[in-house]
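These are my notebook entries on a structure that I examined chain by chain. I wrote down what I looked up, in the order in which I looked it up.

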Amino acid sequence: MSREIAFVFNGNKMNMAIEDHWTLLHLIREELGYTGTKEGCGSGECGACTVIVDGNAVNSCLYLAAEIDGKELMTIEGLASPDGTLHPIQKAFVENGGIQCGFCSPGMIISAKALLDENPNANEEEIKEAIAGNLCRCTGYVQIVDSIKSVSGHEAQEPHVVAFRSEEGDRGD
Amino acid sequence: MHNFCSVGKRVPKIDAVEKATGRAQYIQDLKLPGMLYGKILYSKFPHARIVSIDTSKAKQLPGVRCVLTAEDIPDIKMGVYKDNRPLKKGKVCSYRDEVAAVAAVDPETADEALNGVEVIYEPLPAIFDPEQAMKEGATLIHEEHKTNVLRMPWKLHYGDVDAAKKEAAHIVEDRFTTTWVTHCCMGASGSIAEFDPANNLKIYSNTQIPSLAQKDFLDALTAMGLKGNRVRVIKPVIGGGFGSKLDTYAYEYIAILLAYHTRRPVKVEFDRTEEFIATSTRQPTITYISQGCDQNGKLLFRDINMILDNGAYTSWGATTPSVMMMPITSLYRVPNVRYEAKCVYTNNTYAQAMRGYGNPQATFAIESTMDMLAEKAGIDPIEFRRINANKPGDVSTQGLRITTCGLEECMDAVKEKLEWEKPKGESEGVGLASLIHVGGGARVYKSDGCGTIIKMNDFGKIDLFTGATDMGQGSDTVIAQIVAEELGLQIEDIHVIHTDTDICPWDVGSHASRTTFVAGNAALGAAKKIKARLLELGAKQLEAPLEKIALRDRHIQHQDDSEKRIEIGKLLRKAHFSHGGQMLMAEYFYDPANENMGKDFRGNMSMTYTFGTHGVKVKVDEETGKVKILNYVAAHDVGKAINPMLLEGQVYGGVMMGLGYALTEQVILEKGENMNPNFRDYKILTAKDVVPIEAPVLETYDKDGPFGAKGIGEPGCVPTAPAIANAIYDAVGVRIKDLPITPERVLAAIREKKGLDLCGQELGRDDVDECIIEE
């Protein structure tokens with residue numbers, strides 16, 4: 001069965017015909033062609049497909065496309081300004097080492113956005129809670145949490161490099 | 001101290017903006033015009049004869065373009081031991097065995113076609129325990145191999161272990177096991193294969209070994225009757241590697257075969273279940289170890305016998321003993337060492353390289369028994385290790401030449417930051433474990449080299465083509481920093497291209513923590529060539545002696561007269577747009593002067609070695625067996641931190657992976673079948689599991705490393721498990737010898753120590769009603 005739906009996609013009004021069985025992830029990736037939203041597991045366990053629907057972070061792989069009717073959808077592509085200026089959360093991930101392979105990054109950043117929109121002063125525990133559903137295998141989350149903390153009104157900790165030996169070889173001239 | 005402009009700085013990854021904005025294109029995001037979707041049918045049994053396969057129903061399905069079984073394809077041999085085929089003929093030897101493959105116009109049709117393939121099996125007796133599989137008369141996995149024990153002679157004996165045993169004042173002896181864990185790359189495996197009309201192959205694939213993969217695929221083309229044709233390997237952005245992409249796999253050959261038969265691009269992309277079931281794990285081990293020391297705590301010998309569950313086929317997991325030899329012979333000074341490892345075929349899944357490449361398994365046994373031996377000798381664990389610590393200038397029994405070595409300083413850092421001597425609360429304890437790892441390449445292949453090409457344009461910008469593979473760890477950024485530093489340019493002036501074998505030079509692969517060292521040196525070598533020519537041009541232009549000019553801030557300038565300078569771009573344009581014009585290009589192939597192992601496995605495998613010590617403070621809940629990490633310190637001697645921020649990322653990520661290995665992760669195989677192929681049941685750590693962690697970095701400036709750097713990709717996950725096991729022992733007096741250290745195992749050990757049964761009751765009591773143990 002197909003149906004007509006209307007929704008706001010990254011700030012733009014959309015009308016389109018969809019199939020009832022489509023997931024929101026399918027709609028975004030396969031029909032709209034926006035591939036920033038990733039599928040990491042397809043069963044709501046990894047958070048790579050996180051998008052924002054009416055202010056809430058949802059796993060788009062578990063969300064039926066039909067449900068988006070009349071709602072507002074934001075994906076990672078809608079975060080930066082149209083002139084390319086990064087959103088402060090994106091900038092924080094870039095500058096604090098919050099990104100390695102990057103596959104989880106769109107979902108992670110979107111989860112952080114949903115959190116900070118609701119709670120701009122989220123503390124470390126609240127940040128960890130908010131991204132607990134976003135798995136990352138590369139970073140060990142430390143620099144991701146630091147990234148989000150840096151824009152939540154709580155400064156990231158000092159860099160952890162502490163002990164340096166004084167002597168130096170003759171290389172590197 | 002040198003005043004570096006780029007090296008040593010916390011430079012953001014040069015691909016981070018692409019990734020933060022969702023623009024980075026992974027294999028999942030690529031679609032070619034006319035592309036078909038390939039799917040694979042796996043075995044329904046761990047060991048069975050294939051009686052027949054009927055593909056007629058599948059072939060009739062509208063939208064299906066091709067169905068292949070072993071009958072339809074040439075004999076393509078895969079893997080380290082060439083004992084594997086893309087599609088299995090005659091019999092299956094594990095649940096992940098590929099039996100048939102289809103290509104269809106969309107994934108749903110391909111799935112439906114798989115359901116239509118009818119396979120009749122005749123189940124065979126299967127064997128899942130390597131120690132059973134070694135016995136005489138055991139069911140053979142590969143009949144033609146005559147035995148289940150691989151003919152890989154992992155065996156060394158330096159000095160005289162038996163004589164040393166007689167001299168030893170203290171000896172410990174025990175058995176340790178490690179199980180299957182898996183990489184869990186967030187971006188699953190996949191590839192797209194395409195043939196041009198002349199049957200040259202282009203394959204997009206997630207790989208850490210573009211050059212070796214190209215060779216493997218060339219061999220496949222030869223088997224397909226296409227000898228002499230070209231193979232181009234293109235890497236999309238890779239969603240994590242950790243060693244999983246160090247081999248070529250059945251799915252890649254299947255994509256190639258389907259593309260060849262359909263004359264269309266074919267994509268094979270794993271879903272998460274497939275990623276868990278059909279990719280290779282870390283090598284599981286059974287280790288029998290004894291170590292002994294003299295009255296004063298000096299190590300006299302180390303004696304290790306190991307059994308490796310090889311699974312049904314052979315990938316790099318079977319060669320992990322070559323790297324295990326490094327900690328076994330050379331973590332601390334050990335005069336007498338004996339080691340033997342047997343790899344044994346079973347009907348389980350087969351293992352691969354995974355971050356650390358055998359080192360975590362070996363170090364678990366070594367560092368656990370180091371603590372046991374220290375206790376027996378009555379010496380503090382840190383002091384015991386200090387007595388035996390490696391020092392710069394050492395040559396180990398295996399012939400590893402220790403150049404820079406900050407091991408003792410790493411132990412000091414752990415001792416201080418963990419407040420080692422501070423009194424602990426109830427059920428709290430501290431433990432530590434150290435590591436040695438290759439830090440200057442690893443000569444496991446005939447070449448350990450990497451090539452780099454630098455091309456400068458008229459505006460002073462660089463396109464740099466490297467053989468190295470950035471799968472997220474940040475090698476592109478580190479290479480850009482090295483080149484920018486050498487040439488007085490900015491990071492953004494350096495465009496690093498590593499994605500295409502048609503334009504990038506050869507590299508043995510992103511493994512062995514070798515990329516910063518080897519690819520870094522290769523880039524530095526090319527940059528030095530460019531620099532020499534820039535200085536020559538500049539000297540002429542500025543009419544100054546060569547030794548008086550330098551490259552700085554995108555300019556060539558006179559060292560004594562800052563007014564005398566010219567912008568590099570301008571200099572290049574002058575050189576280009578003149579009679580007999582020239583443009584600057586340079587290539588450099590760096591192959592470190594490390595050694596392949598000899599017959600007795602002696603040889604300096606790496607140009608330098610990375611050392612580190614991890615310390616951890618835990619609290620054990622004696623009622624539940626749950627281990628809480630209160631504090632974690634991971635200190636490493638890295639030579640020089642080219643990019644401290646990325647380096648910390650490697651350490652944090654490694655430690656969290658190591659914590660999962662130690663505490664929570666396990667591929668549960670029940671008679672060869674994966675029982676937890678999802679993130680709900682396979683427990684990688686989440687943000688809520690992050691522990692307080694410090695990562696002190698010690699810089700020893702290795703003379704052979706680029707700007708003094710050594711490799712740091714793998715060490716973070718090497719000594720995690722023994723550090724935790726040692727801390728648990730310190731806390732509650734029980735020693736866990738099997739990974740993962742689950743609450744169940746800790747609780748059982750605590751209860752056993754207290755003389756209670758598994759239900760916490762005194763032995764001999766039998767209140768069945770109160771004790772329900774789930775099988």
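**Entry 1: backbone angles**

I looked up B:Lys146 and found it in the loop between helix H4 (130-133) and strand E7 (154-158) of chain B. Helices (H or I, at least four residues) and strands (E, at least two) are DSSP runs, numbered from the N terminus. The model is predicted: local features need pLDDT of at least 70, side-chain atom pairs count only at pLDDT 80 or more, and totals for chains, interfaces and linings use all residues. I noted that residues are numbered from 1 along each chain as its sequence is written, that chains are lettered from A and ligands numbered from 1 in the order in which they are written, and that side-chain values use heavy atoms, with hydrogens and water left out.

Phi of B:Lys146 is near 70 degrees, which is a positive value in a residue other than glycine. Most residues other than glycine have a negative phi, and most peptide bonds are trans. B:Lys146 has 64% relative accessibility and counts as exposed. For this term I used the following limits: buried is under 20% relative accessible area, exposed is over 50%, and partly exposed lies in between (1.4 Å probe, protein chains only).

I then turned to A:Tyr141, whose phi is also positive, near 70 degrees. A:Tyr141 sits in the loop between H4 and H5 of chain A. Is A:Tyr141 buried or exposed? Its relative accessible area is 1%, so A:Tyr141 is buried.

I also recorded a cis peptide bond between B:Leu739 and B:Pro740, with omega about -5 degrees. B:Pro740 lies in the loop between helix H17 (720-732) and helix H18 (743-753) of chain B.

**Entry 2: the two chains**

Chain A has 5 helices and 5 strands. From the N terminus on, I read its elements as β-β-α-β-β-β-α-α-α-α. Of the 173 residues in chain A, 54% are buried.

For chain B I noted 18 helices and 29 strands. The radius of gyration of chain B, taken over C-alpha atoms, is 28 Å, close to the 28 Å that the globule rule gives for 775 residues, so chain B is as compact as a globular protein of that length. The globule rule is 2.2 Å times the number of residues to the power 0.38. The C-alpha atoms of chain B fill a box of roughly 95 × 75 × 50 Å along the principal axes. Of its 775 residues, 65% are buried.

I next looked up contacts, meaning heavy atoms within 4.5 Å. Among contacts between residues at least 6 apart in sequence, 79% in chain B join residues at least 24 apart. For chain A the corresponding value is 55%.

**Entry 3: one buried serine**

B:Ser244 is in the loop between strand E11 (231-234) and helix H7 (250-262) of chain B. At 10% relative accessibility, B:Ser244 counts as buried. Which residues does B:Ser244 touch, not counting residues up to four places away in sequence? I listed B:His183, B:Cys185, B:Gln208, B:Tyr249, B:Gln352 and B:Ala353.

**Entry 4: salt bridges**

Side chains of opposite charge can pair when their charged atoms come close. A salt bridge here is a side-chain nitrogen of Lys or Arg within 4 Å of a carboxyl oxygen of Asp or Glu. The structure holds 62 salt bridges over all chains.

A:Lys91 is partly exposed at 41%, and A:Glu95 is partly exposed at 40%.

In chain B, B:Asp15 and B:Lys19 meet in a salt bridge (2.9 Å, N to O). Both B:Asp15 and B:Lys19 are buried.

**Entry 5: where the chains meet**

I found 51 residues of chain A in contact with 72 residues of chain B. The area buried between chain A and chain B is about 5,200 Å², of which carbon and sulfur atoms give 59%. Buried area is the accessible area (1.4 Å probe) that two parts lose on being put together, summed over both. Across this interface the rule finds 5 salt bridges. B:Lys31 forms a salt bridge with A:Glu30, with the closest N and O atoms 2.8 Å apart.
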